[in-house]
Amino acid sequence: MKPIQVGLLGMGTVGSGTFNVLQRNQEEIKRRAGRGIEITMVADLDVDKAQAMSGPYVKVVSDARQVIANPDIDIVVELIGGYGIAKALVLEAIAAGKHVVTANKALLAVHGTEIFAAAHAKGVMVAFEAAVAGGIPIIKALREGLTANSIQWVAGIINGTTNFILSEMRDKGLDFDVVLKEAQRLGYAEADPTFDIEGVDAAHKATLMSALAFGIPVQFDKAYVEGITKLGAADIKYAEQLGYRIKLLGITKRVANGVELRVHPSLVPTQCLIANVEGAMNAVMVQGDAVGTTLYYGKGAGSEPTASAVIADLVDITRLHTADPLNRVPHLAFQPDAMSNLKILPMTDVVTSYYLRLRVADEAGVLAKLTGLLAEANISIDAVLQREADQVSKAGENQTDVIILTHDTREGKMNEVLAKMQLLPTVMAPITKIRKEELN
Ligand code: HSE
């Protein structure tokens, strides 16, 4: 059978990885897919460089629309990124009847509803394994492998840059700013790392996993997003003393009255496998009612790991190319006419436990006042750690850090208590609040 023909939009890191892996493993991929898969056309603004990378048999153009307009192209792979031209090109490819493979989490998390509806109407597939956790086949697991389950929650380290920074902060006892500069100098973090360090990239990925896990539309605008920029070395050290590590987690959870969708730094018990995921690695835990807890670990970025996911999508599409569109695997795991309208809860309704660090005057009754406020609000304490006085203020009084771990409570209630604590004259600095996840 004639090989399936692929057009690549963007010959950057992932594009070149896709090209290389497809060439290297072409025989085995063909045996799996049932026919050959060939990249026959590439669009890249740097035509000469892309041509040199692709070899003489690939047609390289600067205008992506030429790829979409080519009737021989069956699948368009969008590796441009962002919401702008990438969105237009994906919609144009769908309108032209092409299947689409994309690694663009930002595009799908924000405009997924429009894109999947267009693909459904046109009877084409939009595949996005590479959009979440790079080479880890987590989309496949959520959409197909775990399809028997009522999924209860998904929690993952889904941003390698921030996990690298947090690992360095813990290993070297350094603050965030210092490690970020070092990560940029070494080329681990982007020159503009905003999406990574502010949690936006992880929230795009968590949004996609939430839709797949619970059969709800993609709703990035409802996600709670908090990054790692305010974390200090002291909190990482105290967390360690209490038996926890701090990780930036993307969490989505089904609860009685809706779905939680949130990205924020979290204390995770040190003995938990995910707490030991270090450096730029990714890991995702999924809890299903039948299977229990499952864990997926691997490289969340990089040329060939991401290419591995892109090619898996190319093989899937090749296998299903001639199937009746109604009999294909639905884009978001659930049939489009069977989506749920479970609402995404506001953060004030999320129930979790907390790590609190308070800079207080080291004098009689301070701890009693703090614990009294928690007791009044019926918030139960799990552990308290008080350091020896370590600083003398201008007024001559001793100051110290008090760390309190709470049991589960509603965030809205926690915030009310924190507002009262903050007003106490013996609380000398803004209180640090970090959420805690036991993941069991
Ligand atoms: N910037 C992402 C990360 C990789 O650091 O994990 C691409 O999603």
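This is a predicted model: local features need pLDDT of at least 70, side-chain atom pairs count only at pLDDT 80 or more; totals for chains, interfaces and linings use all residues.
Domains to start. The protein chain splits into domain 1 (4-137 + 303-338), domain 2 (138-299) and domain 3 (351-436). I'll stay with domain 1 and domain 2. Their centres, taken over C-alpha atoms, lie 26 Å apart. In contact are 25 residues of domain 1 and 30 residues of domain 2.

Now the area. About 2,200 Å² is buried between domain 1 and domain 2. Carbon and sulfur atoms give 68% of that. Three residues stand out on the domain 1 side: Ala109, Val132 and Ile136. They supply 26% of the area that domain 1 buries against domain 2, more than any other three residues.

Next, polar terms. Between the two domains we count 1 salt bridge. We also find 8 residue pairs in polar contact across this interface, both partners at pLDDT 80 or more. Which elements give two or more residues to the side of domain 1 that touches domain 2? Helix H6 (105-122) and helix H13 (303-320). H6 brings the largest share, 7 residues. By class, that side has 17 nonpolar, 5 polar and 3 charged residues.

On to Lys205. It sits in helix H11 (residues 200-214). Is Lys205 buried or exposed? Its relative accessibility is 5%, so Lys205 counts as buried. Its side chain makes a polar contact of 2.6 Å with the side chain of Asp201. Leaving out residues up to four places away in sequence, Lys205 touches Lys105, Ala131, Val132, Ala133, Ile158 and Asn159.

Definitions and conventions. Residues are numbered from 1 along each chain as its sequence is written. Side-chain values use heavy atoms; hydrogens and water are left out. Helices (H or I, at least four residues) and strands (E, at least two) are DSSP runs, numbered from the N terminus. Buried means under 20% relative accessible area, exposed over 50%, partly exposed in between (1.4 Å probe, protein chains only). A polar contact is a pair of N or O atoms within 3.5 Å; within protein, one must be able to donate a hydrogen and the other to accept it, and residues adjacent in sequence count only if both atoms are side-chain atoms. Contact means heavy atoms within 4.5 Å. Domain bounds come from an automatic or database domain assignment. Buried area is the accessible area (1.4 Å probe) that two parts lose on being put together, summed over both. A salt bridge is a side-chain nitrogen of Lys or Arg within 4 Å of a carboxyl oxygen of Asp or Glu. Ala, Val, Leu, Ile, Met, Phe, Trp, Tyr, Cys and Pro count as nonpolar, Asp, Glu, Lys and Arg as charged, and the others, Gly among them, as polar.
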